[in-house]
Amino acid sequence: MTKKSTSKKSTRSFKIEFIEESDNRIMVLLRNIPVTMANSIRRVIISHVPTLAIERVFIFRNDSLMNDDMLAHRLGLIPLTTPLGKYALPEEAPDEEGSKPEYAELTLTIEAKDKPITVLSSDIKSKDPDVKPVSGDIEIVRLAPGQGIEAEMWAYMGRGKDHAKWSPVSVSVVRGLPVIRIKKTGCNKKCKKCVEACPKGVLAVKKGQLIVKDLYKCTTCGLCMEACPDIIKVSIDETSSILYLESIGQLRPIEILSLAFDEVIKKLDDFYSSLNEVSLENV
Amino acid sequence: MSFKSGRIDVNKFLVSRPLKYDTWPIVRAMIKEFGLSKQHIDSYNEFIEKGIKEIMEENKYLRILTPNEEVVYEFIDIWVDKPQTTEFDGSILDESHGYIPSICRLRGYTYMAPIKVRVKIRRGEIEEEEPNPIEIGKIPVMVKSKICVLHGKSREELIELGEDPDDPGGYFIINGSERAIVALEDLASNNIITQKEVTSGTETYTSMILSVKGSLRNHVTVNMKKNNITVKIPFLLTEIPFSIVMKALGVVTDGDIAAAVSRDPEIIEELSHTLEKYSNIQTQDEALIYIGNRTQAFQQPLERRVNRARHILDKYLFPHVGIGPQYRRRKAYLLAEMVRRVIELKLGRRKPDDRDHYANKRLRLAGPLLGQIFSKSLKSLLKDLHYNITKNYLYSTKISLSYFVRSSKITRRFAYALATGTWTQRTTGVTQMLDRTNYLSTLSHLRRIQSPLSRSRPQFEAREVHASHLGRVCPVESPEGQNIGLVKNLALSAVVSNEYPTELMLDILNKEGLIPVEEAPDEAWEGFARVFLNGDFVGFTPEPKEFVDRIRSYRRSGKIPASVSISVRHLDDDRLLPEVYVETSNARVLRPLIRVVDGKPLLTEEHIKRVAEGKLTFQDLLKMGIIELIDANEEYNILTAFFVDELTKEHTHLELAPYIFLGITASIIPFAEHNQSPRNSYEAAMAKQALGVPYLNLLFRMDTRSHLLEYPQIPIVQTRVTELIGLNDMPIGQNLVVAILSYESYNMEDAVVINRAAADRGLLRSFFYKTYESSARIYTGGTSDKFEVPEPTVKNYIGEDAYRNLDEDGLPHLEARLTRGDVVIGKTGPPRFSGEYRESQFMEARRDYSTTLEQFSGTVDRVVFTINNEGELTAIVKVREHRIPELGDKVASRHGQKGVIGLLADPEDMPYTADGIVPDLLINPHAFPSRMTVGQFLESIAGKYGALAGRFVDGSPFISYDYDDLAKLLRELGFEPMGTEIMYDGRTGRRFKASIFIGIVYYQKLHHMVADKMHARAHGPVQILTRQPTEGRSRDGGLRIGDMEKDVFVAYGASSIIKERLLDASDKTTIFICEKCGLEGYYDSREKKLVCPVHGPESPLTPVNVSYAFKVLLDEMKSMGIYPRLSVKEVV
């Protein structure tokens, strides 16, 4: 990429294109921002988008073989659906009356009667219908007949920065948009070496023409280039990035994305205001 | 979604490279049938059943001579009962009362069983049997041996008894702690070993036999120095000329002696000197007198001397041939054979025997070792009995043996030996505390072999891997450092032989045409092969090859045990006759091989199938002669192929499986054949330090320290042996996503970067358990300790806060959080020293004897309250600490690649792939080029394939996938075939220029953790004598500025720092020196004056700053009568 082209393209305005969207995943194309800036969104998604997770566990009874410490840790890792704005963020002091509640209360009371059972996340009862385990199939512990567990859990809002349990995503990727250039002349379209070389099946021959079947699958590994160096050139478009994320389930992917933008803006605002403070002090 | 049984069947999901001829079911059947500590248990059982009776036979009679008559006690039977002991209050404790291994471990008991005898008393004409069996002592019981209560119990029953059903057994429980016997690697007994020694220019040729029979162990050595041949016999003061020994044994004429040695004139020529030199002694009687004069009895009457000589020759010369006069001739022939070998060695016809060859090695296991103790203690018991009965005979009408036997003698001897590992004064370290770090380390410990050779001397040959180790001793697993090559481990395929009676074997040999030595015609001596049975020269055979084949057919048809070895040795020199060796002895290390006839293995696919289905056992295959157990001697007669496709017409055997020559620990390394060999050795040592699941009966054990991995995982890439030995039920690590990538400098020099999010989610977390124990002693005088929360008035009261976790019974409640310095067990007792009476005149004055937590904080996990074997109340408290991986904790892959955690990196900073995979661990690429652990790369690719395909991958050495296979598998799943992927820097989002190698590698968390080691101090305790800071973390010691550190300051010229560190911050003290005499004065606090001990208060005293250690030196000199004088001058 030459300097000239970069400066030329950067004048174009920022654009988001949705490539793929479903209940738990989203892929968007961020046009006309540097990859580092797109990456800041990715980083914020992992560690700054707040969610609910069990932080305090009061164990009144635990006859299982699992130690209390381990049980509490496992409970903490259960993803909980997070009603946005309902609970106070860690930085919001719950001092005033009528302010948001600090935590959601959940309980787990279970006993194995006559045969061994596996305690699942669906056994957790919540006082707030908006807060419940994302999946009911998460195994917590096995209990032998006669064993039981009684525990009360408090779920707090938190951020991935403090513990991975508050991270809303399992996958969060930003990468430059691949660019595959195929020379029109010189390819005999029959050898298919490049098509076979690509493990992801990005290339295909269709109607006697070598084409890019699925650009977004390309990892830019360059194996096709090695197979046919004269015809194919793979590079990265430095001005466009693919952002792909998979939600664990506390929040919808689109919520995560918009919260991430909010968080970035908030961070920039904080930075801007602290800059102002510094400059005022210096005056 | 809930699952039924606990575990995935790994075999069902294991992807293996298809093999043409896969003998895996046979290996599996073999290990399943034999178990992993078979050698110990077999040996112990043999002792309980046979060995103990043999020792009794040696000491069958106890004769008491009284003035009136002779009383003879005859032991007619001896046996070991079921485990049983006497409780502190005298009651009998047996299985029904909870005398079982798990309770013994908890209560600190010794797990033992009574040895009982039946006695017949002969008194003149009267003969009567004692009505009841007499207990003469107790012998520690080997766990899972025949007499153990766990023997033959099903898994469910074992669980019911609080045992781990997968525990291998084969160890003892002494005072509650598990002691394993480490097998001693001895030189083979009863075998002739001929060697050449050169000491200061003179060559000595020696032939040596360690003759063992029952508890007798005697060395007989033939020495040939120049041309003089002498024999060294135990209990004789000097070496005896060969010809005289022969004459004493009844081979009188020179011609007969020479004929017994050889018919070869060249060899006889070598004898002539010895024969001629001592020709003055002609007859057997003269020879016996000659020998008798050289016994301890040399000053006694002639008759006694001669008798002594006879006794020595009959009992201590070659006891393995037989004890008694009827064996003299046989002994003479054996001695002549030794001489022949010495001469042949001298003439260069024969090579010296290889001491390091495994044919010349035997394992000394539990049976013979315990026999040694029993024989000694029994003799000493009989001596005591003799004394006591003789003494009391006149005063007592009772002559029952039970009245005199003190059974504690033998009991204590056994317990002492096993508890300390001291057998004789020279042999120590025979038993060790069983390693329970993880399941693998336990198994490995029970299969360890120790060489008795000295640690300090080089002995290079003895430490090297010998060709005969193949399949017997693991070539990989040995410690680094001074014990290298001396401490070894049994290979997976190794089987230790059990004894088959020599007499029965001799019958078979005779039936098959053995010509006995005594009846051998001249032509046999001239040209037939000699036959040795268990080291005894028994006869000749004209056609050794056919003879050996005939005997082998007995073994191959299951008529004699598979462990019998029959071999013929053709020596290099044509003039030497072949020698046939038949061995039925125990303690030889054998290995299984498949027989091959006409280039085809006898073990067919059909057999393998039937074994896999459980219709045929490994034992059956042995009996059918399809698989043979071969010892190192017989290996001379066979040609073995490693793989089926290597077989030719010449081959006689085929390796059972190519991967079973490794030991247990080395067997868990996947793709081990791709690694540089020392790396496998390092891993073999490291796997024993990995945290995992040490045992399944966690709730029934209170070990002083133990670790438990929170989320142990079955390795995705594993060897077949991993599943076989049960390591998949108690794994020792976790499957980590590993990228080979440097990360700033946080993973340089073998550090690794760990993803913090992974650690948050439970990666490499473990629990550390520590147990505190305290007993309430009962003192003479009616006072005793008491568990309680001490009142603030008791002496040594620590402070209310420290006791806050205790309930009224002095013990903490479960799940109580204890921090450093808190009391775990509250206990008070009477004050210890009489000096304290000044403060506490009353009897009820108490002192605090509480146990506190030091250098550690945790949660109370379990409390046991019991009575120990002294009858004292005992509290045992297990405290657990949750260990989350932190900076400095040690981890290692299975390829000798260890490292410490250098950074817990935030997940957003970690590199990621296009799919969003974030590695758990980053290892630096510099860890690979010089170490050449290619196995780790292959594991990584295989692991990646396994994870993507939802399969376990077989990485067994020599038979697993190669790189091309793995690349193809990975390619099919849409990944780059080399195992690399395009990755992005988490901090910038930019693509790395290079493709990054990323895959799944099994990592182990090793038990070296920062939490156990970190230490710092400012002020702190000092030593009493020198007033210098204490040393070591446990004493809150200082960090030493040593010589090297000092040199840094010297080089820098920082003299004030040296003075500050070495004096001001250490043991600086001010003393007062008398200016007149130069001695140290003191301060008289009553007069408020400085006083010189010589010149009194009037003399001028100067304060001087010195090191307190220096003051001690001055004092010590004064105490020795030296006058140290310090002359004091003003510093200008």
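## A loop residue and an interface

B:L317 sits in the loop that joins helix 9 (302-315) to helix 10 (328-346) of chain B; helices (H or I, at least four residues) and strands (E, at least two) are DSSP runs, numbered from the N terminus. The model is predicted: local features need pLDDT of at least 70, side-chain atom pairs count only at pLDDT 80 or more, and totals for chains, interfaces and linings use all residues. Residues are numbered from 1 along each chain as its sequence is written, chains are lettered from A and ligands numbered from 1 in the order in which they are written, and side-chain values use heavy atoms, with hydrogens and water left out.

B:L317 counts as buried because its relative accessibility is 0%, where buried means under 20% relative accessible area (1.4 Å probe, protein chains only). Leaving aside residues up to four places away in sequence, B:L317 touches B:V220, B:I233, B:L249, B:I312 and B:K331, contact meaning heavy atoms within 4.5 Å.

| Item | Value |
|---|---|
| Residues in the contact, chain A | 39 residues |
| Residues in the contact, chain B | 45 residues |
| Buried area between chain A and chain B | about 3,500 Å² |
| Salt bridges between chain A and chain B | five salt bridges |

Buried area is the accessible area (1.4 Å probe) that two parts lose on being put together, summed over both. A salt bridge has a side-chain nitrogen of Lys or Arg within 4 Å of a carboxyl oxygen of Asp or Glu. A:K161 and B:D906 form a salt bridge through their side chains, at 3.1 Å from N to O. Helix 2 of chain A gives the most to the side of chain A that touches chain B, with seven residues.

Methods: Buried means under 20% relative accessible area, exposed over 50%, partly exposed in between (1.4 Å probe, protein chains only).
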